[in-house]
Amino acid sequence: MNMKKIYEIYGSDAHEMTLALLRAANIKDIIPAGASVALKPNLVVAAHPEDGATTHPGVLSGCIEYLQDAGFADIIVMEGSWVGDRTDRAMKTAGYDEVCRHYHVPFYDLKKEKTRTVETPLRPMEITCRALDTAFLIDLPVLKGHCQTMMTCALKNLKGCLPDREKRRFHADGLIRPIAALACALRPSLVIVDSICGDLNFEEGGNPVHTNRMLLGTDPVQIDAYGCSLMGLQLEDVPYIRLAEQWGAGSTVIRPDDIITLNEPTAAECYPAPSGLVRQLTRDVRADRACSACYAALVRGLYQAREEGTAVRDKLVIGQGWRGQTPDALGIGNCCSGAARCVKGCPPTAADVLNALREL
Ligand code: SF4
């Protein structure tokens, strides 16, 4: 594993993508022999992963298969859903019971676990012992929007390792500072991000945007900083990331060669029919064989533009079908480089799309 690198892969098969990421980064070499390994997915609510809220079960099965093949036997899955839902219900809805049964791996509901109080830069915090005591914690978040913190990914996913009473305290404390403080007390050794179809703005899902992408890295702060740019957000929009950096939990620095891309995005011949908010945002977009990652960057850029009151009047084109054409429009991605103006990238980031929309 190249430390401080982020591995990125495109596709829609979470199991195979997870295996490919772990193999490319040669993760088995950074896990101490015989270490206990805990997988912490996002099961915030009882929702199918295609709704854009919860980690796909293929991410779990990919991790477990890789670890077992590498000789690691002490593997568990653990999570505690948000205060309003039951973890066992969420676990079954997401299909984790089948994965755990198949690989003979136990699942622990962290709402029912013993806790210990540990010091953090903010205040003493109550965290489950099972999360604190694991030797190698693997954080498996979904990259998605959040109605209060704008974005949730690696750092905020660790909130599931708290008892419900501590989760409530987090909200009373305004979320930002507690999330950053938790990052100092509970640092995952590895983060694998499910960005296959995260919701645009709600952690409980409902408006999934298919990005068909996954990420792997060892620094949760760096991963969240990268997630910010993928969602068209600035670090200032998600203040707990910089605060976590200031408190020593990681670094927001991302150099161009820190991103190792394992494959190219492929054209989604049939981009999943957008519903609700996504359909509204893209009603004037002329898409022709757009890859999911490209389309997601556009949707997120359009969403941010609407949130800040930027009116989008120009025509927008996107997709491989526009290669070699010269439309009088703003083209999204390298395939549309013949357009009057173009947001470069394959795919571009939502932040670049947003900047181009502002210039319009
Ligand atoms: S620029 Fe073209 S090939 Fe690249 S992600 Fe966008 S649509 Fe796909």
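1. Tyr7 stands opposite Leu216 in strand 11. The structure is a predicted model, in which local features need pLDDT of at least 70 and side-chain atom pairs count only at pLDDT 80 or more, while totals for chains, interfaces and linings use all residues. Residues are numbered from 1 along each chain as its sequence is written, and side-chain values use heavy atoms, with hydrogens and water left out.

2. Strand 11 covers residues 213–217 (helices, H or I, of at least four residues and strands, E, of at least two are DSSP runs, numbered from the N terminus). Strand 1 (residues 6–10) is joined to strand 11 by four bridges, and the two run antiparallel. Strand 10 (residues 190–195) also runs antiparallel to strand 11, with five bridges between them. Two strands pair if DSSP finds at least two bridges between them.

3. Five of the five residues of strand 11 are buried, so the strand is largely enclosed by the rest of the structure. Buried means under 20% relative accessible area, exposed over 50%, and partly exposed in between, with a 1.4 Å probe and protein chains only. In a regular strand, side chains alternate between the two faces of the sheet. Here both faces are covered: Arg213, Leu215 and Gly217 are buried on one side, and Met214 and Leu216 on the other.

4. Helix 7 (residues 164–172) has Asp164, Glu166, Lys167 and Phe170 buried. These residues lie on the same side of helix 7, because they cover an arc of only 160 degrees around the axis (taken from the directions from the helix axis to the C-beta atoms). Their cover includes strand 6 (125–128) and helix 8 (176–185), contact meaning heavy atoms within 4.5 Å. Just after helix 7, Gly174 takes a positive phi of about 85 degrees.

5. A disulfide is counted as a pair of cysteine sulfur atoms within 2.5 Å; by this rule there are zero disulfides. Cys161 is in none, and the nearest cysteine sulfur, that of Cys129, is 12 Å away. Cys161 is buried, with a relative accessible area of 0%.

6. Cys294 counts as buried, at 12% relative accessibility.
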